[in-house]
Amino acid sequence: VCSSDLKLQEGVLGMTKRRVLDKDKVAQAAADIVKESGLPALTFGTLAKKLDIKSQSVYNYFHNLDSLLEYLGTCLMKDLYAELATGLIGLSGKEALLKYGEIARTFFLAQGKLVGTIQTIQNYPKDSDFVQSMEKVLGIIGKIMDGEKDIRVDRVTFLQAFISQVLGFTLVESMGFFDTYDVPHNTASFRKMLETTADAFI
C-alpha cells in the first residue's frame, strides 16, 4: 500500500512498544530515515531504533533490507504514476511531454534523498513490483508518442533521450549534485532542455 498510506499522522513515529505496528508504519519510518540521512543510513538496526522495537521485530514485516527497499521504490513509482495519470489528463503531444517532465521533477524534488531508492532497481527481477511500477511510469511516455502521427526521429532514440533527460536531471538535482558543484539549475533551464528535445520529436 502506497501514497497516502505511507503518510501517517504526526507523532506516529514517536510510538512506544505497546503501539500497534503494521507494514506501512514500518515503511514510513524507513522512508523518514532515508530522507533525513540518506540511503546508507537505513539498516534494520536504525529502523528498529526509530520505531523503539527490537531489530528482530523488523523481520516480521520485511524479510531483509532488499525487500524493504523494493517496497519503498514500488511505492515511490506508484505515487508518481498516480500524479502523472491525473496531471496529464486532456494533454497530448509536446504539451504532454513537457508536463510529464514538470510533474516528475516536482515529485522527485519533494522526495529528497528517498529518490536514491531508484538506484537499487537493478537489484530486482523484471517481474518484481518495483520494476513493473517503473515500467508503467515510463510507459506513459510511449503512450504520448503513440498519439503522434508525424515523428521526426526514431521512436526508440527519442524515448531513450527523453527518459534520460527527465530522470537524469531530476535525480541528480534531487541529490544535490548541482548545488555541490555550483551548476545552475532551475525550472526554466529544465523546461528549455525538454523543449529542445521535444521539438526534435514533434
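Good morning. I shall begin with L42. Setting aside neighbours within four places in sequence, this residue is in contact with A30, I33, V34, L47, L65, L68, L69 and L72. Please bear in mind throughout that we are looking at a predicted model.

As general background, nonpolar side chains in soluble globular proteins tend to be buried together.

Let me now turn to α9. This helix runs over residues 187–201, 15 residues in total, and spans 21 Å from its first C-alpha to its last, close to the 21 Å expected at 1.5 Å a residue. At its start, a side-chain oxygen of N186 comes to within 3.1 Å of the backbone nitrogen of A188.

Which residues of α9 are buried? They are F190, L194, T197, A198 and F201. These residues lie on the same side of α9 because they cover an arc of only 100 degrees around the axis. The general principle is that an α-helix has 3.6 residues a turn, so residues three or four places apart point the same way. On the other side of α9, A188 and K192 are exposed.

Finally, what covers the buried residues of α9? The covering elements include α5 (93–111), α6 (129–146) and α7 (155–174). Thank you.

Key
Residues numbered from 1 in each chain as written. Predicted model: local features only at pLDDT ≥ 70, side-chain atom pairs only at ≥ 80, totals over all residues. Heavy atoms only, no water. Helix = DSSP H or I, 4+ residues; strand = E, 2+ residues; numbered from the N terminus. Expected span 1.5 Å × (residues − 1). Buried < 20%, exposed > 50% of the residue type's maximum accessible area, 1.4 Å probe, protein only. Arc of directions from axis to C-beta. Contact = heavy atoms within 4.5 Å. Polar contact = N/O pair within 3.5 Å; in protein donor to acceptor, adjacent residues only side chain to side chain.
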